[in-house]
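The structure under discussion is shown below.

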Amino acid sequence: MKDDFKTLGFIGLGAMGRPMLVHLANKLPAESQIYVFDVVEKVVDEVCAEFPNRVFKGSSARDIAQQVETIVTMVPEGSHVRSVYLDPEKGVCSTDISNKLLIDCSTIDTATSLAVKDHIAETFPSASFYDSPVSGGVVGAIKGTIAFFLGCAETDPNVERLTHLASLMGKQIIPCGGPSLGLAAKLSNNYLSGVIAIACSEAFDMGMRSGLDPRTLAKVYAAGTAQNTIADRFCPVPHVYPEAPSTGGYKQGFKVQLMKKDFGLALDMAKRVGSQNVLGEVGLATYDAASKDPRCRDLDSRVVYRYLGGDEDWQSKMNGTS
Ligand code: NAD
């Protein structure tokens, strides 16, 4: 197993990719060489300087593909994934990638992921491409606790290699059944989480406006049928749960723009597969407006509570304390 990753490429060194790469650089066997590429050259230079003789600079996705046997990609959207893999001059597939293992961890639409996979299957049948989106945010990427949703069956011949590599960067690794199903699982999860955050914000707000202390409401939800992890650990109302992003001014967490992106991708997927969702359009409109609101932009997505007019200064009013 250790011999598998003697040469590894990493493309996309942003908020998630860079800490993931750092785990690989720290944990792969000493003889492993890592080649990295990002369109922002500065970040490439920084990580190469951080790990001399270990991490090497690539000049394009194609260049990376020429140097390594396994590639991990972590870029923002489907258009970037297309460009990284399919650009006719500088993309991964513009060189011979026979027998290579390619793992895309970006959260993108399932149609693009399948299109890239199909292109690779037709052009280089011995190469293997997998979707493997992650969950757990930037803090999880730094701590090495992110979850991976693998777009393959538990019986896939590469599952052991994929699991080993992912376990160097994260904790839970879940094979989701087949191509693009890692993405389908991730989008379905984020749709549910996004809807719950809106419902939670509204429920707290109506209770608080009726005179309830949000800490009492949180206890009621936890004891009743509304129990959910957003109300508990990610409570949209500040100062109910000390470690929730809301308590720190919504600063750390999952940005509202990313929730809007994932929510939109989930709705596209739902339409494509004929799934009806009555909460979809209104949820998307809410996250779209919140992500454009200067009071909310760049903050944790549970800031939707603020966007919907929730009271953040409830402590001083309810207890005479602040
Ligand atoms: P980011 O914008 O911080 O980083 C993306 C990086 O990709 C940037 O450094 C950018 O320069 C690079 N890039 C863009 N196009 C490229 C190209 N053609 N070739 C090479 N590099 C290119 O984004 P992020 O927060 O790291 O997110 C990456 C993916 O992970 C997204 O799909 C996102 O939805 C998903 N995700 C993010 C989080 C989070 O909390 N940030 C959590 C889970 C999943």
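## Shell around the ligand

Helix α4 supplies the largest share of the shell around the ligand, 3 residues; helices are DSSP runs of H or I with at least four residues, strands are runs of E with at least two, and both are numbered from the N terminus. At least two shell residues come from each of α4 (78-86), α6 (137-143) and α11 (256-273). The model is a predicted one, in which local features need pLDDT of at least 70, side-chain atom pairs count only at pLDDT 80 or more, and totals for chains, interfaces and linings use all residues. Residues are numbered from 1 along each chain as its sequence is written, and side-chain values use heavy atoms, with hydrogens and water left out.

There are 25 residues around the ligand, of which Ala15, Met16, Asp38, Pro76 and Lys261 come nearest; a residue is near if one of its heavy atoms lies within 4 Å. By class, 15 residues of the shell are nonpolar, 7 polar and 3 charged. Here Ala, Val, Leu, Ile, Met, Phe, Trp, Tyr, Cys and Pro count as nonpolar, Asp, Glu, Lys and Arg as charged, and the others, Gly among them, as polar. Domain 1 (7-178) and domain 2 (184-318) each provide at least three shell residues, with bounds from an automatic or database domain assignment.

A polar backbone atom of Pro76 is 2.8 Å from a ligand oxygen, and a backbone N or O atom of Ala15 is 2.9 Å from an oxygen atom of the ligand. At Val39, a polar backbone atom lies 3.5 Å from a ligand nitrogen. The ligand taken alone exposes 830 Å², and the protein buries 85% of that (Shrake-Rupley method, 1.4 Å probe).

## Annotated spans

UniProt, in an unreviewed entry, lists residues 8-176 as "domain: 6-phosphogluconate dehydrogenase NADP-binding"; such annotations may be inferred rather than shown by experiment. This span is 40% helix and 22% strand, with its end C-alpha atoms 24 Å apart.

The unreviewed entry also lists residues 182-306 as "domain: 3-hydroxyisobutyrate dehydrogenase-like NAD-binding". Residues 182-306 are 61% helix and 0% strand, and the end C-alpha atoms lie 32 Å apart.

Note on methods. A polar contact is a pair of N or O atoms within 3.5 Å; within protein, one must be able to donate a hydrogen and the other to accept it, and residues adjacent in sequence count only if both atoms are side-chain atoms.
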